[in-house]
Amino acid sequence: ARTVTMMNKSRDLVMSHFGIRNELLGVKELDMSEESRSNFDLVWTSGTTDSLRLVAERFPWCKVHITAKSGATVYRQLSSNDWYSIQSIHTQSLLIYATNVHTSVLGMREIALKNGCGFQCCTPAALLNASVSWFESLINKRTANTGGRLSLHACENIEGKKNFSIEETTETIWIHHLIVLPLECNFTGDRFDWTETMKHARSSSYDAGLVGVESDSRRTLVLRHKFHVLLDTAKAASTSRVDIPSLSPDFAVVSFYKLLGSPTGVGALFVRKRNNNQPSDATDEEPFQKDGVAFQVDVDRKVSSRQYFGGSSVDVVLADEDYAIPRGLQETRAGENCETVHLGVMEHGTQNFRGIINLIPGLEELDRLPYGGMSSISRHANCLAAELASRLMALKHDNAKPVVQIYGSWCKPFASKVSSGPTVAFNIVDREGLPIGHDEVVRLAIMNRPPIQVRNGCFCNPGACQLACSLTNEQVKDNYSSGHVCGDRRGIVNGRPTGAVRASFGKDSIWEDADALVE
């Protein structure tokens, strides 16, 4: 009982730390309603990577294929005066992510592709400036039609179009898409304000109507696309306050060793609770006929009650019969779909209860810090990083050429939605402007007394690394063919850097750390 009590206390402290209201500590906020602040739940995981895997495995990926029947006429509506005559239509869920996401996010791509869905990699700038129409255009480009666009005159005379209303259509199919965004880039330290991006994604919905006519019968169906947002807060949460209710994602992930240094192997997946006043559109069976008037519908949805379960994740299970009731779910048997997802089914076996309990003193220490807790850490660490970036950029060779090349927002004017975090990523160049391998720089840092702790390589962020080092896809493949792999000590291949050096500052960093690196 004492262990459970301490684990619950740790959960409450974690929720409070991330701005989520919890009744035990009585956290109150003036800027949001109490209901909004309590609209999230927490799943203990082994870290950010484990959390991302859980979301990818449980997300309702789906493919939809609609085929017109022989002798029938089917029209697709994009707007009131934009109609297509179609023989078939194919659309699918998409995994959308920024170029500078962690490798663990790219791993989610494998699950999406395995389920027959697609992915779209976008630059941070494209996503920051994405409008409602941008998201709708993205889905439209990924929707395959066989048929042709109708003229305005033909649109006005479509048989069966009269009185067509998407709002009143009874047959509906939901196609869900997942957007993964880093709150802070773990390569450059750039921080992003995704508020407008998330708002526009959720507003796009992109409803496409279908009208089918066969003999004297008419059938209507609506394809509804919905975007869900996952925020990777692992890097940002280590040195700044992350208020999850204010950010309002559908999912958020974090690893606690990045905040506290210890324990390793403990993370959290934050999940937005579903509004019980609204019907689910994520896993419930939609109201549509597979084989009806005018066209045939084939929906391959990959969310299923058939998931692995372990100790503590079932309410009851029989050993000699296919009979199991997952934690908090109604009875499930072979071939049946569950209508809800209870978070208890995601926590298998014995949790890392010692690690979870050990979060308590660390989180209490962070909250006791003077001048605003995490806000004071952010100001302190950013001040040191800004000083380091300024001093590194001022270093010159005897021919006045720069000694250091810095990446990210430190070396260019700030965009309105991008700011610099307490991280400086850079490479050293010689007096001729040729790069010196990051592996050589780190070896020199280790030889210093006391040793200087910096990290080198791509930091598990291949997209940001490739952009910083100006490497094309073919050059990356050529580097691999020549024997270079992630994590080796080859800092230069074919005259180009394969990564960078990264200096990160935090709560315990001091001015002398920056002095030692510069000197």
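**A tour of helix packing, core and loops**

Begin with helices H3 and H4, whose crossing is right-handed (the near helix is turned clockwise from the far one by less than a right angle). The model is predicted: local features need pLDDT of at least 70 and side-chain atom pairs pLDDT 80 or more, whereas totals for chains, interfaces and linings use all residues. Residues are numbered from 1 along each chain as its sequence is written, and side-chain values use heavy atoms, without hydrogens or water.

Select residues 48-58 (H3) and 103-114 (H4): their axes come within 9 Å and cross at roughly 25°. H3 is therefore roughly parallel to H4 (angles under 35 degrees). Helices are DSSP runs of H or I with at least four residues, and strands are E runs of at least two. Axes are lines fitted to C-alpha atoms, for helices over the stretch in contact, with angles from 0 to 180 degrees between N-to-C directions.

Next, display Met108 of H4, which meets H3 together with Ser104, Val105 and Ile111. Contact means heavy atoms within 4.5 Å. Among the residues that Met108 touches are Leu95, Leu178 and Leu230.

Met108 is also one of the residues that touch the most other members of the largest nonpolar core, which has 82 residues. Such a core is a set of buried (under 20% relative accessible area, 1.4 Å probe, protein chains only) Ala, Val, Leu, Ile, Met, Phe, Trp, Tyr and Cys residues joined through side-chain atoms within 4.5 Å.

Finally, select Pro263, in the loop between H10 and E13; the peptide bond from Ser262 to Pro263 is cis.

Notes. Angles under 35 degrees count as roughly parallel, over 145 as roughly antiparallel, 65 to 115 as roughly perpendicular and the rest as oblique. Buried means under 20% relative accessible area, exposed over 50%, partly exposed in between (1.4 Å probe, protein chains only). Lists of a residue's contacts leave out its neighbours within four places in sequence.
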